[in-house]
Amino acid sequence: MKERPIVSEQEMQRQREYMVRVRALEKRPKRYHIVTMGCQMNERDSESIAGMLSAMGMVNEPVREQADLILYNTCCVRENAENKALGNVIWLKELKKDKPDLMICVGGCMTQEKGMAAMMKKRYPFIDLVYGTHNLYKLPEYVYRVLTEGEPIAEVMDIDGEVVEGMPEARRCRFNAFVNIMYGCDNFCTYCIVPYVRGRERSRTPEAVLEECARLRDDGAQEIMLLGQNVNSYGGGGARFAELLYRVDQLGIPRIRFMTSHPKDLSDELINAFGELKHLMPQLHLPVQAGSNEVLRRMNRRYTREHYVALVGKLRKVCPDIGLTSDIIVGFPGETLEQFEETMSLVREVRFDAAYTFIYSPRAGTRAAEYPDDTPYEVKSERIQRLIDLQQAISLEVLEKQVGKRERVLVEAVSTRDSMSVGGKTPRGHMVNFPGEASLIGQFVDVEITSAGRNTLRGRQIMTEE
Ligand code: SF4
């Protein structure tokens, strides 16, 4: 992986000065509302955005309609995510008629798509700011210019992103934190738009990652998730991902997880880490995407079904209780019924704890978007329904096997279905709900699993004398 320049300290200082200037402009604090779409990388970006807006003297407003600044942090991995974002933007036009001073900002992966910023500028002139993934750090400057010059800005950088350090941050949660270790992707899977909108792979240095993790630990983090489009090809300062993981483990944070892993880059060294590291949780998201070697070849995934199954065997040998989850695409262009059945048989063979299943969504500019695709949508819908039914049956069996076990749960939130219950994850990543009070949030609780539902477990808290 190539080393990439870090945005200079001088440039970051410029941006900090803009934050101060924005703060000085306002008599009362502006209220901001961020809408985050897509993956954990976007969630982490939104924490940086919130940090910058707070440093500009603004305060978070939970109700979108009452905000003075609304920012959409968009996704474009599937067409429906993009349609949803554009639909929301059109709705904002109506809101702005009632609130002419409302500032509307749109950024993230969708705006980084080729031609998107120019299109938005032309068709949605009421948007005050459009920026991309590579110039997020310039948000303070853009906000200042919009406020002082009153002209809309649409600026997206084409250059591959640089690694940005030192952005302010407003973490969504103290005890459970995301840490970016790398950005971008070099793999060019033929269906995927990520390399076009997030740029080439570039890693943070181990020192920067370790310093951030240590800071989070000192601030009360109980669990961290190391993030990257393909963490397995991390290469900051020449270090391999497994090496970084061993060093993070030594910091003593109780729980470490990571995502996402490309199967072709999952090394034996990394697999062995699941058997050796004290704090690495027995959970791995390992997207397989398809069970047919021919489909995998046309996806440019660069592994075979046999290789994938062998990896699963090694992982389960090192860590028998590991929970595996996956992503699967149904209806890739040209997928035959026989090839789909190979995906079904792979799912039966591997028995994932859970799988995120999607009907193939063509993305302009990717190679697969040019492939002939003569499978009717109804056929793809039937196929995905069969796959969902199969995976749900397997997930239920996996969850039922947990009944009777005692698990250590990191409590995350009050249950959405029952305000008298709280929920959190087991080491393997299963969500457990059990009767308990909100004061338990952020704490480890021992729980006996009493029953299994389709996606979650139920349990009861074990008191210390039991
Ligand atoms: S590994 Fe493939 S699917 Fe994952 S981000 Fe890179 S190109 Fe997209």
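A residue counts as partly exposed when its relative accessible area falls between the buried limit of under 20% and the exposed limit of over 50%. Keep that in mind as you look through these close-ups of a predicted model.

**View 1. Asn293, a residue of helix H11.** Glu212 sits 81 residues away from Asn293 along the chain, and 40 Å separates the C-alpha atoms of the two.

**View 2. Helix H13 and its buried residues.** This helix runs through residues 337-350, 14 residues in total. From first C-alpha to last, H13 reaches 20 Å, close to the 20 Å expected at 1.5 Å a residue. Look for Gln339, Phe340, Thr343, Met344, Leu346, Val347 and Val350, the buried residues of H13. They cover an arc of only 160 degrees around the axis, which means that they lie on the same side of H13.

**View 3. The surroundings of the ligand.** Around the ligand you will find Cys185, Asn187, Phe188, Cys189, Tyr191, Cys192, Val194, Pro195, Gln229, His262 and Arg301. Sorted by class, this shell holds seven nonpolar residues, three polar ones and one charged.

**View 4. A cavity in the structure.** Searching the whole structure turns up one cavity of 30 Å³ or more. The volume of the largest cavity is about 40 Å³. Its lining is made up of Asn42, Asp45, Asn73, Gly108, Tyr131, Gly132, Thr133, Leu136 and Arg198. Two of these lining residues are nonpolar, five are polar and two are charged.

Key:
Residues are numbered from 1 along each chain as its sequence is written. This is a predicted model: local features need pLDDT of at least 70, side-chain atom pairs count only at pLDDT 80 or more; totals for chains, interfaces and linings use all residues. Side-chain values use heavy atoms; hydrogens and water are left out. A residue is near a molecule or strand if one of its heavy atoms lies within 4 Å of it. Ala, Val, Leu, Ile, Met, Phe, Trp, Tyr, Cys and Pro count as nonpolar, Asp, Glu, Lys and Arg as charged, and the others, Gly among them, as polar. On a 1 Å grid over the protein atoms alone, a cavity is a set of points where a 1.4 Å probe fits but cannot get out, and a pocket is an open set with protein on both sides within 12 Å along at least five of seven lines; lining residues have an atom within 4 Å of a point. Grid points are joined across faces, edges and corners, and a volume is the space filled by probe spheres set on the points. Helices (H or I, at least four residues) and strands (E, at least two) are DSSP runs, numbered from the N terminus. The expected span of a helix is 1.5 Å times one less than its number of residues. Buried means under 20% relative accessible area, exposed over 50%, partly exposed in between (1.4 Å probe, protein chains only). The arc is that of the directions from the helix axis to the C-beta atoms.
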